[in-house]
Amino acid sequence: MKRYKDIAGDGGSNIAQQVGEQQARLQARLAEVRAVVAVVSGKGGVGKSSITANLAACWALEGRRVGVLDADLNGPTMATMLGVRGRRLVVGADGVTPPESALGIRVMSMDLLLPSDDTPLVWEAPTQAESHTWRGAMEANALREFLADTAWGALDMLLLDLPPGTDRLVTVAGLLPVLSGTVVVTIPSDVAHLVVRKSITIAAQAKAPVLGLVENMTGLFPGRSGAELAREAGIPFLGAVPFDPALAAAADLGEPLVASAPTCAAARSLLAIAAAVGAAISDARTSGAASG
Ligand SMILES: Nc1ncnc2c1ncn2[C@@H]1O[C@H](COP(=O)(O)OP(=O)(O)OP(=O)(O)O)[C@@H](O)[C@H]1O
Ligand SMILES: [Mg+2]
């Protein structure tokens with residue numbers, strides 16, 4: 001697709017048509033995906049990406065076909081956490097083939113496109129001072145491209161790892177024909193809860209059910225529990241993942257903990273959370289089908 005800088009002055013590009021065609025490709029692509037789940041938290045650093053990588057691994061270990069889209073364009077971590085960093089992207093007739101992790105998880109991330117570790121993502125605008133006015137539209141375009149032009153193939157589950165920020169879900173949900181549900185992540189701290197409450201409000205307004213709240217890094221902070229927050233917000237509590245340095249070490253090595261140490265407490269809790277999310281998706285599907 002042409003970019004804005006390419007079309008300045010040419011007067012002949014039909015942006016609406018190009019976006020429409022891409023949206024149609026996206027629809028066709030996602031028609032082969034049984035469930036799309038977004039992992040969100042307004043708060044940064046609470047473990048969205050770690051939970052995404054491990055949920056993906058739990059389902060891949062069960063033999064399901066899983067994809068992960070790293071929707072964090074500025075701070076992409078999925079390629080590292082799933083061990084596909086540095087893999088070459090192959091462009092075929094059907095789009096870009098996503099690299100597969102050791103467990104067969106198909107991964108697409110901005111990290112696979114940036115030329116070096118130190119290269120930040122910078123949006124090209126007529127001047128950098130103007131780039132902030134374009135950023136929202138450009139991010140949405142990039143995500144639309146990732147969804148539409150990646151040859152995901154048939155998937156049981158596509159997980160979206162969102163960046164921090166309470167408003168990010170709205171952008172992503174707006175691109176998707178169907179969102180099966182959201183998983184909200186918090187840590188047991190009042191400061192985090194203050195922000196996560198806002199995310200829950202936004203998630204509840206999305207056209208998809210809030211599948212539940214995960215508490216991460218349990219034991220590290222003295223704040224109120226995620227279970228309490230979930231109860232107050234009226235959403236399911238999916239479980240608590242203890243703080244465990246081994247989880248961070250495994251992520252750095254590109255091997256999700258649930259695969260490398262499945263019997264440790266954190267992995268067991270992640271496996272239980274994956275089962276609870278799977279059940280919540282099935283329930284939502286059944287009640288959606290029943291209500292028409
Ligand atoms: N339960 C845990 N125990 C120990 N370390 C953890 C745990 N969960 C996450 N971490 C580590 O904490 C750091 C932040 O986690 P992560 O990157 O998953 O958070 P995030 O919410 O995705 O951050 P961002 O908002 O920047 O996207 C990482 O180094 C990760 O390995
Ligand atoms: Mg992250």
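These questions and answers go through the sheet, the core and the ligand shell of a predicted model.

Visitor: Why is Pro76 called buried?

Guide: The cut-off is 20 or more other C-beta atoms within 10 Å. Pro76 has 23 such neighbours inside 10 Å, so Pro76 counts as buried.

Visitor: Where does Pro76 lie, and what does Pro76 touch?

Guide: Pro76 sits in the loop between strand 2 and helix 4 (78-81). Leaving out residues up to four places away in sequence, Pro76 touches Asp70, Ser109, Met110 and Asp111. Asp161 is 85 residues away from Pro76 in sequence, yet the C-alpha atoms are 9.1 Å apart.

Visitor: What makes strand 5 (106-108) and strand 9 (237-242) edge strands?

Guide: Start with the order. The open sheet has 7 strands, arranged 5-2-6-1-7-8-9, with parallel pairing. Strand 5 and strand 9 each have a single partner strand, so one side of each has no neighbour in the sheet. On average, neighbouring strands here are turned by 20° against each other, direction ignored.

Visitor: How do you know that strand 2 and strand 6 pair?

Guide: Pairing takes at least two bridges. Strand 2 (residues 66-70) and strand 6 (residues 157-161) share 5 bridges, in the parallel sense. Within this pair, Gly67 stands opposite Leu158 of strand 6. Helix 3 packs on the sheet and touches strand 1 (36-40), strand 2, strand 6, strand 7 (181-186) and strand 8. The direction of helix 3 makes about 170° with that of strand 6.

Visitor: What makes strand 8 mostly covered?

Guide: In strand 8, 8 of 9 residues are buried. Strand 7 and strand 8 run parallel and are joined by 5 bridges. One bridge links Thr186 to Glu215 in strand 8.

Visitor: Which residues touch the most other members of the largest nonpolar core?

Guide: The core has 82 residues, and those with the most contacts to other members are Val37, Val39, Ala56, Leu159, Leu160, Val172 and Val277. Helix 11 (residues 265-290) gives the largest share, 9 residues. In soluble globular proteins, nonpolar side chains tend to be buried together.

Visitor: How do you know that Val277 is in contact with Val37?

Guide: Contact means C-beta atoms within 7 Å. Val37 meets that cut-off, as do Leu55, Val183, Leu211 and Leu238, with neighbours within four places in sequence left aside.

Visitor: Which residues are closest to ligand 1, and how many surround it?

Guide: The shell holds 23 residues, and the closest are Gly44, Gly47, Ser49, Ser50 and Ala248. Helix 3 (48-61), strand 8 (210-218) and helix 9 (245-253) each supply at least two shell residues. Helix 9 gives the largest share, 4 residues.

Visitor: What makes up the shell around ligand 1 by class?

Guide: There are 11 nonpolar, 9 polar and 3 charged residues. Gly counts as polar in this tally.

Definitions and conventions:
Residues are numbered from 1 along each chain as its sequence is written. Chains are lettered from A and ligands numbered from 1 in the order in which they are written. This is a predicted model: local features need pLDDT of at least 70, side-chain atom pairs count only at pLDDT 80 or more; totals for chains, interfaces and linings use all residues. A residue is near a molecule or strand if its C-beta atom, placed from the backbone, lies within 6 Å of it. Axes are lines fitted to C-alpha atoms, for helices over the stretch in contact, and angles run from 0 to 180 degrees between N-to-C directions. Two residues are in contact if their C-beta atoms, placed from the backbone, lie within 7 Å. A nonpolar core is a set of buried Ala, Val, Leu, Ile, Met, Phe, Trp, Tyr and Cys residues joined through C-beta atoms within 7 Å. A residue is buried if 20 or more other C-beta atoms lie within 10 Å of its own, exposed if 12 or fewer, and partly exposed in between; C-beta atoms are placed from the backbone.
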